[in-house]
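Reader: I would like to learn how to read aromatic pairs and strand pairing in a model. Please take me through one case.

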Amino acid sequence: MEKYVIYSHIGELSKPNNGWVKELNLISWNDREPVYDIRTWNASHTIYGKGITMTPKQMEALKELLKNI
């Protein structure tokens, strides 16, 4: 089982009808440096789905790309 610490809950992206929530968080996986993380979580944040992580530099690049759409 992976160890994780959610340092900052940034926001919810969607709430499907299954009770899970897709969120953007700042999280550390297995005692590594915190990364931005987009994935689905159950209500108690004890079970999670597949997701994507981005370093702060990658998140900044994504932010710039999103400004153009």
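Predicted model: local features only at pLDDT ≥ 70, side-chain atom pairs only at ≥ 80, totals over all residues.

Reader: How many aromatic pairs does the structure hold?

Author: A pair of aromatic rings is described by the distance of the centres and the angle of the planes. Rings of Phe, Tyr and Trp (its six-membered ring) pair if their centres lie within 6.5 Å; planes under 30 degrees apart are stacked, over 60 edge-to-face, and the rest tilted. The structure holds six such pairs. One of them is Tyr4 with Tyr48, edge-to-face at 5.6 Å centre to centre and 85° between the planes.

Reader: Which parts does the pair of Tyr4 and Tyr48 tie together?

Author: Strands are DSSP runs (E, at least two residues), numbered from the N terminus. Tyr4 lies in strand β1 (residues 4-14) and Tyr48 in strand β4 (residues 48-54), so their pair ties together parts 44 residues apart in sequence. Tyr48 also forms an edge-to-face pair with Trp29, at 5.1 Å centre to centre and 70° between the planes. Trp29 is in strand β2 (residues 21-29), so this pair ties together parts that are 19 residues apart in sequence. Ring pairs link Tyr4, Trp29, Trp41 and Tyr48 into a cluster.

Reader: Is Trp29 buried or exposed?

Author: Buried means under 20% relative accessible area, exposed over 50%, and partly exposed in between (1.4 Å probe, protein chains only). Trp29 has 8% and is buried, whereas Tyr4 is partly exposed at 22%. Tyr48, at 22%, is partly exposed too.

Reader: What does the side chain of Ser28 reach?

Author: Ser28 lies in strand β2 and is buried, with a relative accessible area of 4%. Its side chain reaches the backbone oxygen of Arg32 at 2.5 Å. Contact means heavy atoms within 4.5 Å. Leaving aside neighbours within four places in sequence, Ser28 is in contact with residues including Tyr4, Tyr7 and Pro34.

Reader: Which residue is the bridge partner of Trp41 in β4?

Author: Two strands pair if DSSP finds at least two bridges between them. Five bridges join strand β3 (residues 35-41) to β4, and the two run antiparallel. The partner of Trp41 is Tyr48. The strands β3 and β4 form a hairpin with six residues between them, and His45 in the turn has a positive phi of about 55°.

Terms used. Residues numbered from 1 in each chain as written. Heavy atoms only, no water. Helix = DSSP H or I, 4+ residues; strand = E, 2+ residues; numbered from the N terminus. Polar contact = N/O pair within 3.5 Å; in protein donor to acceptor, adjacent residues only side chain to side chain.
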